[in-house]
Amino acid sequence: MLAKVIPDAEDQEWGAEKQYAGIFRFCFWRFGQWIEVVIDDLLPTKNGKLLFARSKTPNEFWSALLEKAFAKLYGCYENLVGGQLADALQDVSAGVAETINVHKFLGFDADATVSDHDGRLFQTLKHAFEHQALIVAAIAAKNKEDIEKSLDCGLVKGHAYAVTAVRYIELDAKHGSYRFFSTVERQMMIRLQNPWGEKEWNGPWADDSPEWEQVGDVQKKEMGITVDEDGEFWMPWDEFVRYFTDISVCQLFNTSMFSMQRRFHERVFFGEWTTNGVKSGAPEYRAGGCLNFSATFCCNPQFRFDVQKGDGGEVMVALTQKEVSEGSKVREPYVTIGMHVMKVENNRRHRIHQAVNPVATSDYAGSRSVYLHLTGLEPGRYILIPTTYAPREQTHFMLRVFSPHHTNPKLLRKDAPAQGFLKCSKATFVTKIRVVEARLSTPRELSAYCVVVSEKEKPRTRTTEKTRELLWNEDFVFHRKTRRQTYVVELWEDRHLKDKLLGRAVLNELIDNDRRTVALDLQAKGSKLSVGKVTVEISAYDDPMYI
């Protein structure tokens with residue numbers, strides 16, 4: 001990663017055989033691409049000492065030069081003060097960054113004393129660290145005067161600390177020779193690095209603290225415990241959540257096709273929230289605001305993705321808005337952005353026009369990026385809608401979708417399908433059919449699924465596990481040109497060699513702008529003998545953009 005940020009590092013060094021050029025090159029990741037920033041060697045000092053980033057080694061300047069490149073990228077040094085740590089992590093890694101507010105994550109008020117009794121936040125950070133995430137923690141400063149203010153415990157407000165370890169340590173020396181006859185206690189710990197190389201935590205479990213007498217020498221050596229003033233120190237987890245207020249986590253997803261480690265599939269989309277110069281709600285309008293504005297919410301850009309059975313239902317989504325004042329001293333505020341996910345009909349191929357079946361909503365934040373981690377999704381089709389908070393706010397965005405399995409994400413452009421021989425006309429009616437359940441006249445345990453046949457479309461439900469209760473509650477949507485429509489619902493038994501058709505029911509539907517539930521007779525193939533009933537719910541409308 002460092003080689004990406006500092007390209008050709010060896011060539012940028014100077015010495016007896018390399019002429020000094022007086023300039024340095026750095027690269028930062030911005031809005032989907034790496035951009036180069038070139039700086040000179042003039043660094044801000046006072047009384048011969050560097051004002052900002054510095055190293056304990058007198059002739060080492062890479063951190064100060066990198067900071068200057070950041071200052072150029074952000075317009076000036078002043079713009080780095082109070083900036084988002086997550087943005088900086090994303091700039092140097094191209095990862096997916098999010099900021100965790102400790103109080104909010106653990107469910108405490110802003111002024112309350114925080115505790116993580118069940119270790120939920122600890123396990124979250126431990127899992128992220130073990131998967132190579134970059135993690136930075138900070139104590140929020142309430143005003144500019146508090147920035148870089150040292151606390152009695154040795155920590156510094158408004159200062160970024162790198163997290164270099166999150167782990168349990170065993171108090172294996174606590175019980176001495178009796179430890180073989182008792183359960184060894186464990187302590188949740190976190191290790192932090194102050195980039196200044198000094199000013200460390202001086203509370204419990206500090207470098208020279210007596211608490212370390214509870215830890216055996218072998219484990220101390222394995223952990224690299226020292227008493228040097230090197231800026232790196234351990235803290236007990238309960239003290240960490242007591243002092244630190246914000247944690248920035250930057251996930252690095254492995255997308256290489258030639259890797260033995262866990263691999264993720266990535267899809268990247270570039271889009272825009274824009275009014276396109278039309279009135280709110282018009283077909284080309286793409287700046288509808290969040291779900292609070294129900295009349296225009298579905299006018300936002302829409303993306304669909306699929307979750308297959310056995311995939312685990314895990315999808316990670318990162319939404320990033322474009323920096324409108326790149327390199328300028330005067331920074332334009334970010335638009336407040338977020339995401340909403342809905343479960344939709346399994347055969348939907350066009351934009352949705354009413355919010356249905358909410359699955360998840362990200363936090364809405366006036367920041368460069370927001371992140372949404374979806375887990376445990378049921379098999380089926382979903383629509384993801386990135387939005388601004390308020391309608392008619394316009395800016396460009398980038399959407400990145402990561403998943404361990406293929407989800408086939410796709411931008412939905414059309415409101416309804418074109419129909420006819422030359423595809424020159426649009427559908428005028430829309431029908432949604434929900435397959436609720438099927439009941440056989442002679443119940444038995446089986447694995448089964450339903451197929452809804454309409455013209456050339458044959459969408460099917462999932463296959464039930466072997467059971468007597470055949471329940472699905474799955475939706476399908478159909479766009480048609482005629483008011484009277486015919487659908488055939490087929491019940492199939494899932495078999496190893498060849499599936500068996502158990503029965504079919506015919507549904508003749510007339511568009512009536514209403515919704516109703518009916519139980520249809522299932523008739524055996526080639527006869528009128530009833531083998532049971534299938535229950536369906538029908539919603540039919542003469543406006544193709546109603547659902």
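A salt bridge is a side-chain nitrogen of Lys or Arg within 4 Å of a carboxyl oxygen of Asp or Glu. I kept this cut-off in mind while looking through the structure, which is a predicted model.

**Entry on strands β25 and β26.** I looked up Arg504 and Glu490 and found that their side chains meet in a salt bridge, at 3.0 Å from N to O. Arg504 lies in strand β26 (residues 500–510) and Glu490 in strand β25 (residues 484–493), so the pair ties together parts that are 14 residues apart in sequence. I noted that Arg504 is partly exposed, at 32% relative accessibility, whereas Glu490 is buried, at 12%.

**Entry on Arg462.** I then turned to Arg462, whose side chain meets that of Glu474 in a salt bridge of 2.7 Å, N to O. Arg462 sits in the loop between β23 (448–453) and β24 (470–480), while Glu474 belongs to strand β24, twelve residues apart.

**Entry on Arg368.** Next I looked up Arg368, which forms a salt bridge with Asp91, with 2.8 Å between the closest N and O atoms. Because Arg368 lies in the loop between β15 (358–361) and β16 (369–374) and Asp91 in helix α4 (residues 85–93), the pair ties together parts that are 277 residues apart in sequence. I recorded both Arg368 and Asp91 as buried.

Notes: Residues are numbered from 1 along each chain as its sequence is written. This is a predicted model: local features need pLDDT of at least 70, side-chain atom pairs count only at pLDDT 80 or more; totals for chains, interfaces and linings use all residues. Side-chain values use heavy atoms; hydrogens and water are left out. Helices (H or I, at least four residues) and strands (E, at least two) are DSSP runs, numbered from the N terminus. Buried means under 20% relative accessible area, exposed over 50%, partly exposed in between (1.4 Å probe, protein chains only).
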